[in-house]
Amino acid sequence: MRTPTSQAEQRQLDKELQLLGIQDTSPVEDAPIVFWDEHKAALDWWWQVQDLLRYNECVCMGLDVLAVKADSELSGREVKVEDYHKLRLIAHTVTQLFNEKL
């Protein structure tokens, strides 16, 4: 679909879309992504260990928990049980999303 070159063409396009029952909505990219502060530690941890996912050829097997444990010990990260559970949930969700695309 090409971009309309004038306001009149845009109005015509909007009218045609309305007749077809298509609503003009703003792109999803414009909506901000909001995280609650209580999830910040787990998200920050995820950004640091996201490269520790394991793969079997093109299938994502999930987070390499032993590598995450070693990384947290070697980096001196203080781990809270709640944050670990959140990290596992993030990794599980990402694993599912990656594998759905296969």
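1. Aspartate 44 is partly exposed, at a relative accessible area of 30%; the class runs between buried, under 20%, and exposed, over 50% (1.4 Å probe, protein chains only). Its side chain meets that of lysine 40 in a salt bridge, 2.7 Å from N to O. The criterion for a salt bridge is a side-chain nitrogen of Lys or Arg within 4 Å of a carboxyl oxygen of Asp or Glu. Lysine 40 is also partly exposed, with a relative accessible area of 48%. Aspartate 44 and lysine 40 are four residues apart in helix 2, and so about one helical turn separates them. Helices here are DSSP runs (H or I, at least four residues), strands likewise (E, at least two), and numbering starts from the N terminus.

2. This is a predicted model, in which local features need pLDDT of at least 70 and side-chain atom pairs count only at pLDDT 80 or more, while totals for chains, interfaces and linings use all residues. Residues are numbered from 1 along each chain as its sequence is written, and side-chain values use heavy atoms, with hydrogens and water left out.

3. The whole structure has two salt bridges. Besides the one in point 1, glutamate 73 forms a salt bridge with lysine 69, with 3.9 Å between the closest N and O atoms. These two residues are four apart in helix 3, and therefore about one helical turn separates glutamate 73 from lysine 69. Glutamate 73 counts as exposed, at 54% relative accessibility.

4. Which residues of helix 2 are buried? They are Ala42, Leu43, Trp45, Trp46 and Val49. Their arc around the axis is only 160°, which puts them on the same side of helix 2; the arc is taken from the directions from the helix axis to the C-beta atoms. Strand 1, strand 2 (59-63), helix 3 (65-75) and helix 4 are among the elements that cover these buried residues, where contact means heavy atoms within 4.5 Å.

5. One aromatic pair is present in the structure. Tryptophan 45 and tyrosine 84 make up this tilted pair, at 6.5 Å centre to centre and 50° between the planes. Rings of Phe, Tyr and Trp (its six-membered ring) pair if their centres lie within 6.5 Å; planes under 30 degrees apart are stacked, over 60 edge-to-face, and the rest tilted. Tryptophan 45 belongs to helix 2 (residues 40-49) and tyrosine 84 to helix 4 (residues 81-100), so the pair ties together parts 39 residues apart in sequence. Tryptophan 45 is buried, at 2% relative accessibility, whereas tyrosine 84 is partly exposed at 24%.

6. Alanine 41, in helix 2, is partly exposed with a relative accessible area of 34%. Alanine 41 and lysine 80 are 39 residues apart in sequence, and their C-alpha atoms are 9.3 Å apart in space.

7. Please look at the backbone of glutamate 57, where phi is near 60°, a positive value in a residue other than glycine. Most residues other than glycine have a negative phi. Glutamate 57 sits in the loop between strand 1 and strand 2 and is exposed, with a relative accessible area of 76%.

8. Tyrosine 55 lies in strand 1 (residues 53-56) and is partly exposed, with a relative accessible area of 45%. Together with Leu97 and Phe98, Tyr55 forms a nonpolar surface patch of about 300 Å² of accessible area. Patches take residues with over 30% relative accessible area and no salt bridge, joining like charges within 9 Å and nonpolar side chains (Val, Leu, Ile, Met, Phe, Trp, Tyr) within 5 Å. Accessible areas come from the Shrake-Rupley method with a 1.4 Å probe, and for residues only the protein chains shown count as cover.
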